[in-house]
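User: I would like to learn how to read the packing of strands and helices in a model such as this one. Could you take me through the features in turn?

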Amino acid sequence: MRGSGVLLLLKRIERQLELGLQPLLDEFGLTIEQWRIMAALREEPGQPMSVLAESAVLPAASLTRHVDKLVERGLVLRRIHPDDKRRIVTALSPVGGTVADRLAAAQRELEADVAKYFQMEIHERSSSATQR
């Protein structure tokens, strides 16, 4: 990874996390995009669709399709906003919350492993820089 730019490094981290989550995503029959939606709703329930697209880092055009599938599976609830009948808000269902909790725990473990790796990488880089 020496000489890699930050953007490439971040993409590699993202890919490692996705690969680490894939067995659990497969177990629950979820895509990474659906997990990002659930993770965003876990952090902030009741998001309008426009906010959710940004929170989940998904194009608005594909968000509805992913949310529809999650609603069909009973993992996400979609309701009319109580103060503005033109807006739709989304939240995890109780089952969706349980699934999200399991995935979030697995993600935390993966993030801790990635953090340890990059701490070692930073230490190694700083050691080699001082030896020059």
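User: In what order do the three strands form the open sheet, and is the pairing parallel or antiparallel?

Analyst: This is a predicted model, in which local features need pLDDT of at least 70 and side-chain atom pairs count only at pLDDT 80 or more, while totals for chains, interfaces and linings use all residues. Residues are numbered from 1 along each chain as its sequence is written, and side-chain values use heavy atoms, with hydrogens and water left out. Helices (H or I, at least four residues) and strands (E, at least two) are DSSP runs numbered from the N terminus, and two strands pair if DSSP finds at least two bridges between them. Here the order is β1-β3-β2, with antiparallel pairing. Because β1 (47–48) and β2 (76–80) each have a single partner strand, they stand at the edges, and one side of each is left without a neighbour in the sheet.

User: How many bridges join β1 and β3?

Analyst: β1 pairs with β3 (residues 88–92) over two bridges in the antiparallel sense, and Pro 48 has Val 89 of β3 as its bridge partner.

User: How should I read two packed helices, and at what angle do α1 and α2 pack?

Analyst: Two packed helices are described by the angle between their axes and the distance between those axes. Axes are lines fitted to C-alpha atoms, for helices over the stretch in contact, and angles run from 0 to 180 degrees between N-to-C directions. Helix α1 (residues 6–28) packs against α2 at about 95°, with the axes 11 Å apart.

User: Which residues of α1 and α2 meet?

Analyst: With contact meaning heavy atoms within 4.5 Å, Glu 14, Glu 18, Leu 21 and Leu 25 in α1 meet Ile 32, Trp 35 and Arg 36 in α2.
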